[in-house]
Amino acid sequence: PPPPPPPILPPPSPPPPPPPEFETIFPFCQCTRKNSNTPYSMYWTTTDSTAEGNTRVCFRTVSLPTYANGDDNRCFNMDLRKIEIHTKPDCWGSVRNITVGGTRVIAPSYSRYGNNVVFKITNIGGPAGSVAAGTDICIFLDGKGKCPTVDDFCAGGALNCPTAFFNQDQSCCPIWNLAENRLAPRGGRGLRSQLQHAGATIRHLTDAFLSSAAEHLAEMDA
């Protein structure tokens, strides 16, 4: 008898979709975003107007304590070479210039990821490499442009300004909401209100714990 026909194989699976050209969440690249054990943060210090009618927005880098042990230690000793801020799509070109330490001037740069625009402060440390803690960084928003204020400039408005810090090889990119880190409250939730909120939360948790403990003791006595 003739040999049986060969079995019919199922059709091959379709090829997987190509990977996206960039990550879909800020800062749109593959890096460690957690900020829980990183040596830098940055605080919004002042916002004022210049004689030319532009808006000067200044920040200050600060050092944070870190630890080498534990699971979250990939970026505990990172340096700081670049800062990126997620802006609104229309804000490309809104920054006139940048000053670091009050004297050194850096030209602004931008990148576009789909419908997202990211403002970048590159070579922030200059010849020294990494920028030092306590350095003041100021950006000057074009007062006649589409994004003359922080509320216009930041992707989420004045209360939501995602900011990423990068080390030299860009493996670390801890993210902070710059608008929440304010030393001089001007229309946002300032340091005083943050401390008041933290105190209220602690009091609420303490009261809840004491109430629960009292109920438990009453049940034991009964």
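Modeller: Let's start with C58 and C138, where the torsion about the S-S bond is about 105 degrees, so this disulfide is right-handed. The two sulfur atoms are 2.0 Å apart, and a disulfide here means a pair of cysteine sulfur atoms within 2.5 Å. C58 sits in strand 2 (residues 55–63) and C138 in strand 8 (residues 136–141), so the bond ties together parts that are 80 residues apart in sequence. Strands (E, at least two residues) and helices (H or I, at least four) are DSSP runs, numbered from the N terminus. Both C58 and C138 are buried; buried is under 20% relative accessible area, exposed is over 50%, and partly exposed is in between, with a 1.4 Å probe and protein chains only.

A word on what you're looking at: this is a predicted model, so local features need pLDDT of at least 70 and side-chain atom pairs count only at pLDDT 80 or more, while totals for chains, interfaces and linings use all residues. Residues are numbered from 1 along each chain as its sequence is written, and side-chain values use heavy atoms, with hydrogens and water left out.

How many disulfides does the cut-off give? The count comes to five. One of them joins C31 to C173, S to S 2.0 Å. With 85 degrees about the S-S bond, this link between C31 and C173 is right-handed. C31 belongs to the segment before strand 1 (40–49), and C173 to the loop between strand 9 (162–166) and strand 10 (175–177), so the pair ties together parts that are 142 residues apart in sequence. C31 and C173 are both buried.

Then there's C91 with C147, a disulfide whose sulfur atoms are 1.9 Å apart. The C91–C147 link is left-handed, with -90 degrees about the S-S bond. It connects distant parts of the chain: C91 is in the loop between strand 3 (82–87) and strand 4 (95–100), C147 is in the loop between strand 8 and helix 1 (150–153), and they are 56 residues apart. C91 is buried, with a relative accessible area of 0%, and C147 counts as buried at 2%.

If you number the bonded cysteines of the protein chain in sequence order, the pairing reads 1-10, 2-5, 3-9, 4-6, 7-8. C29 is in no disulfide, and the nearest cysteine sulfur, that of C31, is 3.6 Å from it. C29 is partly exposed, with a relative accessible area of 23%.

While we're in the segment before strand 1, look at P27, which lies there. A cis peptide bond joins F26 and P27, with omega about 5 degrees. Most residues other than glycine have a negative phi, and most peptide bonds are trans. Q170, in the loop between strand 9 and strand 10, has a positive phi near 60 degrees though it is a residue other than glycine. Q170 is partly exposed, with a relative accessible area of 37%.

Now the rings. A search of the whole structure finds five aromatic pairs. Among them, F28 and Y113 are stacked, 5.2 Å centre to centre with 25 degrees between the planes. F28 is in the segment before strand 1 and Y113 in strand 6 (residues 109–113), 85 residues apart, and the pair links these distant parts of the chain. Rings of Phe, Tyr and Trp (its six-membered ring) pair if their centres lie within 6.5 Å; planes under 30 degrees apart count as stacked, over 60 as edge-to-face and the rest as tilted. Both F28 and Y113 are buried. Y110 and F119 make a tilted pair, 5.6 Å centre to centre with 50 degrees between the planes, and both of these are buried too. Ring pairs link W92, Y110, F119 and F153 into a cluster.
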